[in-house]
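Subject: Structure for your review

Dear colleague,

Please find the structure below, followed by an account of what was found in it.

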2 protein chains.
Amino acid sequence: MNPGNTILLDHGSGGIASQELISQIFLKHLDNSILASLEDSAVMENHPGKIAFSTDSYVVDPIFFPGGNIGTLAVHGTINDLTMRGARPLCLSLGLILEEGFKLDDLERVIVSIAECAKSADVPIVTGDTKVVPRGKCDKIFINTSGIGIVEDGVNVSSTMAQEGDLILLSGSMGDHGITIMTRRAGISLDGNLASDSAALNELVALLLDKLPSGSLHTLRDPTRGGVATSLNEIAAAAGLAVEIDDQAIPVKPEVRAACEIMGLDPLYLANEGKCLALVAPEQAAKALQLMRSTAVGTDAAIIGSLKAGKAGQVVLRTAIGGSRIITPLHGEPLPRIC
Amino acid sequence: MNPGNTILLDHGSGGIASQELISQIFLKHLDNSILASLEDSAVMENHPGKIAFSTDSYVVDPIFFPGGNIGTLAVHGTINDLTMRGARPLCLSLGLILEEGFKLDDLERVIVSIAECAKSADVPIVTGDTKVVPRGKCDKIFINTSGIGIVEDGVNVSSTMAQEGDLILLSGSMGDHGITIMTRRAGISLDGNLASDSAALNELVALLLDKLPSGSLHTLRDPTRGGVATSLNEIAAAAGLAVEIDDQAIPVKPEVRAACEIMGLDPLYLANEGKCLALVAPEQAAKALQLMRSTAVGTDAAIIGSLKAGKAGQVVLRTAIGGSRIITPLHGEPLPRIC
């Protein structure tokens, strides 16, 4: 499109260069009949149930990292936010803010990932928008994805539905995304193959909704920024109950634990991009755990604690040596631009 | 929240500072029960009809200007994009990317405007997300708004519905937004009170849908980036017909015309943020014009041309002296960050 193969201001004009970008990169990879109509908004069939709606912007640095890139996060993150209300994701929007001079090859690589993730999760990108800002006015690429889902009748999943006695399941190991970005940015090399856990959770959640008795899955939350500690505090506050978790039950990969020790971090506060917390009626927790473990993204799932009467909003960690400590929400920012 | 009253990286952490920002600025002004639940996604009642979905990011510079600010554009722009498919807007999302050091007072001013515009158009903000990037990694504030609307049964408004003989209505004067931003940025002072036309079109469009016979409103388009020229080219291409417009019929404010002459610009390519093109069956065009003019945002509406057999996709302008010229889509970027 231009000799340097980079994004030009003209690509954001709404004119001919914008149309070229749309046809040569976006429609080439993301093609579907709704998106291809290129109208001011997408129009699609409705489905019975309530509507779920979510939005997230992604500003991660670096934009490419082991296990994913800014595009995979954008697709997985918004699918997961919809899924956390028990919704079946219907479609996504894609809003790009590009820096003048951003390489078209890198843009295409991100769009290819977005297309793959959207296809794999069966949630099409149906509408989009691209803005270009002059060099130095953003950092390469920022992405917003918003999404619509349908919450079928009878499904009611929310922080306020959590009940005393609920067991708390975590779908896999903590902190893989946070440590991947952090070590990548610091230039630290870890043994092993640690990668971001960037993944869509809609299949795992659909399994829980389909196979557990109606009403036994109370609350879902994906512990992204702020980590498991912050999500559990939010759940405890919304439920007006106390959370107790068992340090030894919480899955953490050895390389994440090692990196946390080196860097003085607590895995409970690290970001995850393909994990969820699920609060389930105690008599269904074993079945829920088995269902989670039967999915590719939930093989390391564990029951990590329970919801108890006690000080409303408090999260207590029981340690291996029989002690306990209060887990507060995140204070301070351990790492900007984690997602 | 901090001595300098500016955005800190911590405000984007997902932790306690994020919660403070949400409660002290966002919920204070945007409060509604769906947003206040602060879940990963909003869940709301569905309505019969098809679903319309749209997204737009806003990066305008300067963020405050006569007639509006980046927040008014974000609300009006996405409402208008939904409306251009004949949808009744149901709700909006709000995704913010903030630069470290951005003034909290300016943020609150933008949020107050967003709240006012959303309330005035009766389209609530139901879900949101905030990211903070380090100083110099974005420019003050970027906003994404996405929106959901419902297209009622029997409504089918699209570029492909345009038919030979349709008359083309423009809801008001061209280029007010483009010239306002352009002169503001260049430090040029104009006589008069020129301001951005930033406005929501959902009331005007609802009136057309309610009062015109079913099926007589064929196509709607809001000529934002790329202006009326680019929108008409898109309509002509989608319809496979030719557009003919009459130079003398096109409403342009004298101060916009004067600024265009000074700056060597063509008003046909300037951005508008509160105007629409409507293609209407010829026998209903007079009524449509009267309906448009009965609204606050459509007082200067005019019939500017028609859709004809001829070279598919071609737009021809008839001039006052009896000549004609071909109007191509926008080439090049006259002004980055116009919206």
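In what follows, a residue is called buried under 20% relative accessible area, exposed over 50%, and partly exposed in between, using a 1.4 Å probe and protein chains only. Helices (H or I, at least four residues) and strands (E, at least two) are DSSP runs numbered from the N terminus. This is a predicted model, in which local features need pLDDT of at least 70 and side-chain atom pairs count only at pLDDT 80 or more, while totals for chains, interfaces and linings use all residues. Residues are numbered from 1 along each chain as its sequence is written, chains are lettered from A and ligands numbered from 1 in the order in which they are written, and side-chain values use heavy atoms, with hydrogens and water left out.

Strands of chain B

In strand E6 (residues 125-133) of chain B, eight of the nine residues are buried. E6(B) pairs with strand E5 (residues 88-99) of chain B in the parallel sense, over eight bridges; pairing requires at least two DSSP bridges between the strands. Within this pair, Ser93(B) is opposite Thr127(B) of E6(B).

Strand E7 (residues 141-151) of chain B includes Val151(B), which is buried at a relative accessible area of 4%. Its contacts (heavy atoms within 4.5 Å), leaving aside residues up to four places away in sequence, include Val43(A), Gly49(B) and Arg85(B).

For Cys138(A), the nearest cysteine sulfur is that of Cys138(B), 8.2 Å away. Cys138(A) is buried, with a relative accessible area of 3%.

Salt bridges

There are 34 salt bridges over all chains, each having a side-chain nitrogen of Lys or Arg within 4 Å of a carboxyl oxygen of Asp or Glu. One of them joins Arg337(B) and Asp139(B) at 2.8 Å, N to O. These partners are 198 residues apart, Arg337(B) in the segment after strand E14 (324-326) of chain B and Asp139(B) in the loop between E6 and E7 of chain B. Both Arg337(B) and Asp139(B) are buried.

Yours sincerely

How values were computed
Disulfide = S-S within 2.5 Å.
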